[in-house]
Amino acid sequence: MSFPNYIALIPAAGVGARMGSEMPKQYALLAGKPMLQHVMETFAGASQIDHVYVVVSAADTYINDLPLQPRTTILRCGGASRQASVTNGLSAIQNDWDADDWVLVHDAARPGLTTELIDKLIAFVKDDPVGGLLAVPVVDTIKRSNGHGRSEATVSRELLWAAQTPQMFRHGRLLQALRAATDPDSITDEASAMEAQGDHPKLVEGSPRNFKVTLPEDRLLAELHLKGSL
Ligand code: CTP
Ligand code: MG
């Protein structure tokens, strides 16, 4: 194996509360396959990725029904928050990899990811001292509410990007940053943990198709992308 290695870690231990269905959303069928299966197949087909880890909750009864993918291991160590699931997953594999190996953390809820986007992220970040993430420049006019349903100000979108995943950082530094996070509410992705350490992750332009499936109406759009209709 060449050094550094590239490892994918897919947090898939959420309940999908906003989706409002009985089954966690990562197992909802999209274009004939569970959302998580699309993501696992994409990573299994990404030639630069050395190994894939999927973090599910200990109580998960759905994961066993998914077909096994090459170079993929299921970790049953999901936590109460996304951050806890990622931290637990990184801790579980700590002895198997070098602290300087790259980890690409990707939401199970972003089935629109492609191998092209994975390759683009790796190409832009592999020589970076810190790491980086896929993100898209904000296109809407952004309003700040006064907290009572009224617009107080228009925020310039000039420097604003919407974060996506994968987010790619060195294993050791990322685990250290996640463990050091004192305000878990402000750590909603890996990049925010790195920022809290004073690092400035690189922004790499992703794609609208890599959006996070969150609400019931998102499923239709995700299916159109997965079927190649868009
Ligand atoms: N996730 C996780 N462990 C948690 C919470 C979330 O691994 N305790 C994962 C989800 O499975 C998902 C990703 O983190 O792949 C992004 O989270 P989100 O879209 O918020 O999913 P849920 O938390 O499941 O949805 P909701 O917030 O609506 O409950
Ligand atoms: Mg959530």
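This is a predicted model: local features need pLDDT of at least 70, side-chain atom pairs count only at pLDDT 80 or more; totals for chains, interfaces and linings use all residues.
Let's start with the largest pocket. Helix H2 (82-92) and strand S10 (161-170) each give at least two residues to its lining, and S10 has the largest share, with five residues. The lining of the largest pocket has 35 residues in total, and Arg18, Lys25, Arg82, Asp107 and Lys212 lie nearest the centre. By class, that lining splits into 15 nonpolar, 12 polar and eight charged residues. The volume here is about 840 Å³.

So what takes up the space of the largest pocket? That is ligand 1. There are 19 residues around ligand 1, with Gly16, Ala17, Lys25, Ser85 and Lys212 coming nearest. Eight residues of this shell are nonpolar, six are polar and five are charged.

Now for some polar contacts. A backbone N or O atom of Ala17 sits 2.7 Å from an oxygen atom of ligand 1, and for a backbone N or O atom of Arg18 the distance to a ligand oxygen is 2.8 Å. Lys212 uses its side chain instead, placing a polar atom 2.7 Å from an oxygen of ligand 1. On its own, ligand 1 has 560 Å² of accessible area, and the protein covers 87% of that.

Last, the second largest pocket, at about 180 Å³. Its lining includes Leu133, Trp161, Asp189 and Glu195. Strand S7 (131-137), S10 and helix H5 (190-196) each contribute two or more lining residues. Eight residues of this lining are nonpolar, two are charged and none are polar. Thanks, everyone!

Technical notes: Residues are numbered from 1 along each chain as its sequence is written. Chains are lettered from A and ligands numbered from 1 in the order in which they are written. Side-chain values use heavy atoms; hydrogens and water are left out. A residue is near a molecule or strand if one of its heavy atoms lies within 4 Å of it. A polar contact is a pair of N or O atoms within 3.5 Å; within protein, one must be able to donate a hydrogen and the other to accept it, and residues adjacent in sequence count only if both atoms are side-chain atoms. Accessible areas come from the Shrake-Rupley method with a 1.4 Å probe; for residues, only the protein chains shown count as cover. On a 1 Å grid over the protein atoms alone, a cavity is a set of points where a 1.4 Å probe fits but cannot get out, and a pocket is an open set with protein on both sides within 12 Å along at least five of seven lines; lining residues have an atom within 4 Å of a point. A molecule sits in a cavity or pocket if more than half of its atoms lie within 2 Å of its grid points. Ala, Val, Leu, Ile, Met, Phe, Trp, Tyr, Cys and Pro count as nonpolar, Asp, Glu, Lys and Arg as charged, and the others, Gly among them, as polar. Grid points are joined across faces, edges and corners, and a volume is the space filled by probe spheres set on the points. Helices (H or I, at least four residues) and strands (E, at least two) are DSSP runs, numbered from the N terminus.
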